[in-house]
Amino acid sequence: MRTALYPGTFDPITKGHIDIIKRACTLVDRLVIGVAINRDKGPLFPLEERVAMVEAEAAFWSARTGTEIVAHPFENLLIDCARDVGAQMIVRGLRAVADFEYEYQMVGMNRILDDQIETVFLMAEAEHQAIASKLVKEIARLGGDVSGFVTPPVEAALSRHFGG
């Protein structure tokens with residue numbers, strides 16, 4: 001069984017994330033979406049809500065592709081999380097050159113820690129390349145329309161959070 005880990009904070013999950021999930025499903029039998037606890041980032045949504053959003057959004061693609069998709073909270077090293085879930089690969093989405101520079105360093109470090117786990121980069125589709133959770137939160141906080149960036153349930157969660 002081919003298993004991949006797709007890690008992130010998913011605060012909140014966006015259409016860009018969903019695009020990567022959809023395409024990762026074509027590569028593996030089991031996709032573990034690692035929802036990082038990452039207290040340093042100070043997430044907008046609590047872990048439980050982020051996990052629930054990921055599960056809700058991933059359910060459609062799991063049913064459609066037959067790929068088992070599991071949300072898995074984690075706070076340890078990424079490479080340790082990959083080992084914990086039995087992943088042979090880590091899936092990362094790329095939007096721009098700036099993403100690549102950071103990811104390139106991460107791959108190098110992860111290969112030193114465990115050279116048996118590959119990292120696979122998937123480029124975001126053109127219409128999703130500008131989407132970043134940080135920007136989506138800022139738009140929502142200022143009362144802007146985020147419907148082009150997130151699904152209706154996530155838009156509703158943002159609206160509830162910001163009192164819209």
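Which residues have the most contacts inside the largest nonpolar core? They are Ile13, Ile21, Leu31, Ile33, Ile69, Val91 and Leu158, within a core of 32 residues. The elements that each give two or more residues to this core include strand 1 (3-8), helix 1 (15-24), strand 2 (30-36) and strand 3 (68-74). Helix 2 contributes the most, with five residues. The structure is a predicted model.

**Nonpolar cores**
- Leaving aside residues up to four places away in sequence, Ile69 touches Ile21, Cys25, Leu31, Ile33, Ala58, Trp61 and Ser62.
- In soluble globular proteins, nonpolar side chains tend to be buried together.

**Fold and dimensions**
- The protein chain contains six helices and five strands, arranged from the N terminus as β-α-β-α-β-α-β-α-β-α-α.
- The radius of gyration of the protein chain is 15 Å, which agrees with the value near 15 Å for a compact globule of 164 residues.
- The C-alpha trace spans about 45 × 35 × 30 Å along its principal axes.
- Among contacts with a separation of 6 or more, 75% join residues 24 or more positions apart.

**Surface and charge**
- Of the 164 residues, 45% count as buried.
- The accessible surface of the protein chain is about 8700 Å², and 56% of this area belongs to carbon and sulfur atoms.
- There are 17 positive and 23 negative side chains, with the centres of the two sets 2 Å apart.

How values were computed:
Residues numbered from 1 in each chain as written. Predicted model: local features only at pLDDT ≥ 70, side-chain atom pairs only at ≥ 80, totals over all residues. Heavy atoms only, no water. Core = buried A, V, L, I, M, F, W, Y, C linked by side-chain atoms within 4.5 Å. Buried < 20%, exposed > 50% of the residue type's maximum accessible area, 1.4 Å probe, protein only. Helix = DSSP H or I, 4+ residues; strand = E, 2+ residues; numbered from the N terminus. Contact = heavy atoms within 4.5 Å. Rg over C-alpha atoms; globule rule 2.2 N^0.38 Å. Areas by Shrake-Rupley, 256 points an atom, 1.4 Å probe, with all protein chains shown as cover. Lys, Arg positive; Asp, Glu negative; His and termini not counted. Charge placed at Lys NZ, Arg CZ, Asp CG, Glu CD.
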